[in-house]
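Please keep the viewer open as you read.

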Amino acid sequence: MTDPTVRPPLTERIAAAPISWGVCEVLGWGWQHQPQTVLTQMRELGIAATEFGPDGFLPDDPQAKADTLAQYGLAAVGQFVPVVLHDPVSYTHLRAHETP
């Protein structure tokens, strides 16, 4: 059993997000880096994991997405979801997929 008081080194616990490199879902946001540039720089900085960024930044297929991150030695920590949480109308379509 693992001792819960022992943590992995900080370098194994740092994550980032493509938005830190200017990758954004907003149309007309401006020039955006390619995934290869962002993922390479994340790894070079010692980042251990990333969220997936906006739709279209990484492949849609889950295995292809995992393979892409693995090529750069990165793990996944989450998915960017462009939802305005204080406006229930903006996420009604997501609730249709909920399971009881």
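## Helix α2 and its cover

The buried residues of α2 are covered by elements that include α1, β2 and β3. This is a predicted model, in which local features need pLDDT of at least 70 and side-chain atom pairs count only at pLDDT 80 or more, while totals for chains, interfaces and linings use all residues. Residues are numbered from 1 along each chain as its sequence is written, and side-chain values use heavy atoms, with hydrogens and water left out.

Helices and strands here are DSSP runs (H or I of at least four residues for helices, E of at least two for strands), numbered from the N terminus. Buried means under 20% relative accessible area, exposed means over 50%, and partly exposed lies in between, with a 1.4 Å probe and protein chains only. Contact means heavy atoms within 4.5 Å.

Which residues of α2 are buried? They are Lys65, Thr68 and Leu69. These residues cover an arc of only 95° around the axis, which puts them on the same side of α2; the arc is that of the directions from the helix axis to the C-beta atoms. Ala70 and Gln71, on the other side of α2, are exposed. As a reminder, an α-helix has 3.6 residues a turn, so residues three or four places apart point the same way.

Thr68 belongs to helix α2 and counts as buried because its relative accessibility is 17%. Not counting residues up to four places away in sequence, Thr68 touches Leu39, Leu58 and Pro59.

In α1, the buried residues are Pro35, Val38, Leu39 and Met42. Seen down the axis of α1, they fall within an arc of 90°, so they line one face of the helix. Those buried residues pack against β1 (15-16), β2 (49-51) and α2 (62-71). After α1 comes Gly46, with a positive phi near 95°.

The largest nonpolar core has 13 residues, and those with the most contacts inside it are Val38, Leu39, Met42, Leu58, Leu69 and Leu74. A nonpolar core is a set of buried Ala, Val, Leu, Ile, Met, Phe, Trp, Tyr and Cys residues joined through side-chain atoms within 4.5 Å. Helix α1 (residues 35-45) gives the most to this core, with three residues. In soluble globular proteins, nonpolar side chains tend to be buried together.

Leaving aside neighbours within four places in sequence, Val38 is in contact with Pro18, Trp21, Val23, His33 and Phe57. Leu74 sits in the loop between α2 and β3 and counts as buried, at 7% relative accessibility. With residues up to four places away in sequence set aside, Leu74 touches Leu39, Met42, Arg43, Ile47, Ala48, Ala49, Thr50 and Leu69.

## The sheet

How does the chain run from element to element? An open sheet of three strands has the order β1-β2-β3, with parallel pairing. β1 and β3 (75-78) stand at the edges, each with a single partner strand, so one side of each is left without a neighbour in the sheet. Two strands pair if DSSP finds at least two bridges between them. β1 and β2 pair in the parallel sense over two bridges, and Ala15 stands opposite Ala49 in β2.

## Distances and overall form

| C-alpha pair | Separation along the chain | Distance |
|---|---|---|
| Leu74 and Ala48 | 26 residues | 5.4 Å |
| His86 and Val6 | 80 residues | 38 Å |

His86 lies in the loop between β3 and α3 (92-95). Is His86 buried or exposed? His86 is exposed, with a relative accessible area of 73%.

The radius of gyration of the chain is 16 Å, whereas a compact globule of 100 residues would have one near 13 Å; the radius is taken over C-alpha atoms, and the globule rule is 2.2 Å times the number of residues to the power 0.38. Along its principal axes, the C-alpha trace spans about 45 × 40 × 25 Å. Buried residues make up 25% of the 100 residues in the chain. Of the contacts with a separation of 6 or more, 62% are between residues 24 or more positions apart.
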